[in-house]
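Biologist: Please show me the chain first. Then I will ask what stands behind the words you use.

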Amino acid sequence: MKSNELRRDLGLFDAVAIGWGAIVGAGLFVVTGVAAAVAGPAFLVGLLVAAVVATFNALSSAQLAANYPRSGGTYEYGYEVLHPWAGFAAGWTFLASKLAAGGTVAIGFGGYLAALVPGVSAQAAAASAVVALTVANYLGIRKAGRLNIAIVVVTLTSLAYFAVTGLPAFQRENLEPFAPEGAGSVLRSAALLFFAYTGYARIATLAEEVREPRRTIPRAIMISLGTAAVLYLLVAFVAVGAVGAETMASSRSPLATAAERIGAPAGALAIGIGAAAAMLGVLLSQVLGISRVMLAMARRGDLPPGLGHVSEKRAVPDKAIFVTGAIILLLALFGTLEWIVASATFTILLYYTITNVAALRLEKKLKLYGDAIAVLGTLSCLALAFSLKPETIAWGLLLLAAGFAFRALLRRPVRGRS
């Protein structure tokens, strides 16, 4: 193994668990309420549409990662298959949106833990989680993977308990009227909910650390996405059927509110624990994914070269991990940049548009799936992206412009340097 390369320590189960940890998080515990406010009970259709779109993107990501099994995900594919500007656009939007999301998730974890344990400071809990998970990432991919598995088990157990105890409370009248805001609202809810599925891409960004990547990565992505989609649909169906879309829409913690209304023994506690665990899982995977994209960008000169350092002892991008942790810690302590958070949905859809176009441009002999998958992925991403509010699109384009300005400044020749 070369000194600046990572070690292939992840098998199929490890990769699937990382996918679960990245997917099953704030999207299910928080965004379902926002989607219910947009589309009423019809957000269930939006959830299904988002899953279909995510599947197109997942297949495109899978075949690209199988052929380019290096850290960086779509940043690498954009560079290799399309153009350096496309690669940079993907990498920059990923970093900006995921760093902001990391701060938001840390704050969310602190809030959940403070509600579960009276007397605990939400801010201190958020900061402690960021520090602990940064250290876990530094200790190596195997240790981080084992911690992720433990977190995922807690999250899935709590959601299974919610679904089983909530099903008897289901009432069909809670689904009426089904689409009070019309068909357009379903598409808008799908755009919001698509964000909840995108964690499967974490597997692709870790491709350099997966054993037998051509075989393992496509399987891991589809298993994690498929099972998570079934879980999302089941839990959302139970929640809206038990308490109605209006109740979910009025709550910042829709599943916790639903659990309280259902009245199952310790139901609200179980959801609170599950939500806190889910936030930890997402935060762990954020540090994993962000640091690997930083590593890839530093290798190509799109970030300061020091971020491309790999620890010989632990085979991890140590400097990128600590910079990632430090930025998320600052955001957790002082608040996230709202304009970046607002642009996250648009920029993630842009990221996956680049993924699909890159998959379409692959050499025929390298393709695992037909071109129809990438075409449908591209069209569906663009349709969802431009169904968003104009201000959300504007913030996303501003974020992209800021990235290109940063790249130009970083690569500007220095006087006196040969």
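Modeller: H7 and H13 cross in a left-handed way. The model is predicted, so local features need pLDDT of at least 70 and side-chain atom pairs count only at pLDDT 80 or more, while totals for chains, interfaces and linings use all residues. Residues are numbered from 1 along each chain as its sequence is written, and side-chain values use heavy atoms, with hydrogens and water left out.

Biologist: Why is H7 called roughly antiparallel to H13?

Modeller: The axes of H7 (residues 141-166) and H13 (residues 267-299) cross at roughly 150° and come within 8 Å. Over 145 degrees counts as roughly antiparallel, under 35 as roughly parallel, 65 to 115 as roughly perpendicular, and the rest as oblique. Therefore H7 is roughly antiparallel to H13. The axes are lines fitted to C-alpha atoms, for helices over the stretch in contact, and angles run from 0 to 180 degrees between N-to-C directions.

Biologist: Which residues make the contact of H7 and H13?

Modeller: Among them are Ile-141, Ala-144 and Leu-147 of H7, and Gly-267, Ala-270 and Ile-271 of H13. Contact means heavy atoms within 4.5 Å. By class, the contact of H7 with H13 has 16 nonpolar, 6 polar and 1 charged residues. Here Ala, Val, Leu, Ile, Met, Phe, Trp, Tyr, Cys and Pro count as nonpolar, Asp, Glu, Lys and Arg as charged, and the others, Gly among them, as polar.

Biologist: What makes H3 oblique to H8?

Modeller: H3 (residues 43-67) and H8 (residues 183-197) pack at an angle of about 55°, with axes 7 Å apart. That angle makes H3 oblique to H8. The crossing of H3 and H8 is right-handed. Phe-43 and Val-45 are among the H3 residues that meet H8, where Val-186 and Ser-189 are among the partners. The residues of the contact of H3 with H8 divide into 13 nonpolar, 3 polar and no charged.

Biologist: How do you know that Arg-411 and Asp-302 meet in a salt bridge?

Modeller: A salt bridge needs a side-chain nitrogen of Lys or Arg within 4 Å of a carboxyl oxygen of Asp or Glu. For Arg-411 and Asp-302 the N to O value is 3.0 Å. Arg-411 lies in the segment after H17 (390-410) and Asp-302 in the loop between H13 and H14 (318-334), so the pair ties together parts 109 residues apart in sequence.

Biologist: Why is Asp-302 called buried?

Modeller: Buried means under 20% relative accessible area, exposed over 50%, and partly exposed in between (1.4 Å probe, protein chains only). Asp-302 has 0%, so Asp-302 is buried. Arg-411, with 38%, is partly exposed.

Biologist: How many salt bridges does the whole structure have?

Modeller: A search finds 12.

Terms used
Helix = DSSP H or I, 4+ residues; strand = E, 2+ residues; numbered from the N terminus. Left-handed = near helix turned anticlockwise from the far one by under 90°.
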